[in-house]
Amino acid sequence: MVNVLVTGNMGYIGPLLVERLKRDIDDCRVVGYDAGYFAHILTNAEVLPETFVDQQHFGDLRDMSESLLDGIDAVIHLGAISNDPIGNAFEGVTDEINFAASARIAQMAKKKGCRCFVFASSCSVYGAAGNDARKENDPLDPLTAYARSKVFMEQELVKLADDNFIITNLRFSTACGMSPRIRLDLVLNDFVASALTTGRIEILSDGTPWRPLIDVKDMVTAMIWALSRKLDQGISLSVNVGRNDWNYQIKNVATAVAEVLGNIDVQIAPNAMPDKRSYRVDFSLYKSLAPNHQPEVDLTQSIMEIRDGLIGMGFSDGEFRDSHFMRLNVLQRHIHENRLSNDLRWI
């Protein structure tokens, strides 16, 4: 039996990951750990995703007990303050959870004899990278609290790696795609939701920033690979996850959505400034290391699956940016209703 702990399993990626772990890995026992901030935001799910989890724990990453890691063979660490807007609004908490608490969990996992630790990092660590595609050994330039926390955590994990504790830092492209708990605060998901409900896409920057994209299902494929990758690939590995031909300028992402959905007006904000968070990424290393686990869901398929998923759940809210499909809104509502404290602890 393989015992896998998935932190943050009740978010955007976790439900799809847990299902694949149970399907693709023989005799896999999955333990989930999540604060439950977004557990109630189900989107067209046929079953509660946590029915696939063998044991579910609710708790703050800052409070995780060492005993929870007893008998755990591998940790997939998704748990985090999940994007730039939240990181900017809760900068101190982002550092506490994404770095300090996460580093402590990795330290405990090593102490308990866990054999591997898979960390969901981000290509945002490259920051303002211009037009040159960034490789893993290029300088990092994190521009936000979220991106800085990923850099700090990667650096801490490198220190912990040895022959008995294998580290894989997966620097993911920008996530997209349908999920039982979809987020609409991601660029492609936002564009599809806007096009579907209003007939238009409004680009708030000048449309020139570069972003690599990856469907959430392909993110899961990379995590499955990381669990069983070969030791000769390094006891500590940081790798960009995506495809070289899936680097897009924001305006081209909008155009692709308009072409798939049809009769959509794409608007670029007049006098808009370019977004400094612009980076192209080189994924050649991942292609060489994981040839059988390459991303397969292309941009058109992601768009169609988001469209079909939103239609299937009767989604029609043109004001969705004020809704609970935006992660920051959910946290602010919890705080306003006195369910969460200002440091994002349940009251």
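This is a predicted model: local features need pLDDT of at least 70, side-chain atom pairs count only at pLDDT 80 or more; totals for chains, interfaces and linings use all residues.
**Salt bridges and a helix pair**

1. Let's start with Arg345, which is partly exposed at 29% relative accessibility. Here buried means under 20% relative accessible area, exposed over 50%, and partly exposed in between, using a 1.4 Å probe and protein chains only.

2. Residues are numbered from 1 along each chain as its sequence is written, and side-chain values use heavy atoms, leaving out hydrogens and water.

3. The whole structure holds 23 salt bridges, each being a side-chain nitrogen of Lys or Arg within 4 Å of a carboxyl oxygen of Asp or Glu. Asp60 and Arg345 form one of them, with their closest N and O atoms 3.8 Å apart. Because Asp60 sits in the loop between strand E3 (55–58) and strand E4 (74–77), and Arg345 in the segment after helix H10 (327–336), the pair ties together parts 285 residues apart in sequence. Helices (H or I, at least four residues) and strands (E, at least two) are DSSP runs, numbered from the N terminus.

4. Lys111 pairs with Glu66 in a salt bridge whose closest N and O atoms are 3.4 Å apart. Since Lys111 belongs to helix H3 (residues 91–111) and Glu66 to the loop between E3 and E4, this pair links parts 45 residues apart in sequence. Lys111 is exposed, at 63% relative accessible area, whereas Glu66 is partly exposed at 25%.

5. Glu202 and Arg200 also meet in a salt bridge, 3.5 Å from N to O. Glu202 is partly exposed at 36%, and Arg200 is partly exposed at 33%. Do look at the network as well: salt bridges with shared partners join Asp60, Arg62, Asp63, Glu96, Asp343 and Arg345.

6. Now for the helix pair. The axes of H1 (residues 14–24) and H6 (residues 216–228) come within 9 Å and cross at roughly 45°. Axes are lines fitted to C-alpha atoms, for helices over the stretch in contact, with angles from 0 to 180 degrees between N-to-C directions. H1 and H6 are therefore oblique to each other; angles under 35 degrees count as roughly parallel, over 145 as roughly antiparallel, 65 to 115 as roughly perpendicular, and the rest as oblique.

7. The contact (heavy atoms within 4.5 Å) involves residues including Leu16, Leu17 and Arg20 of H1, and Val220, Ile224 and Leu227 of H6.
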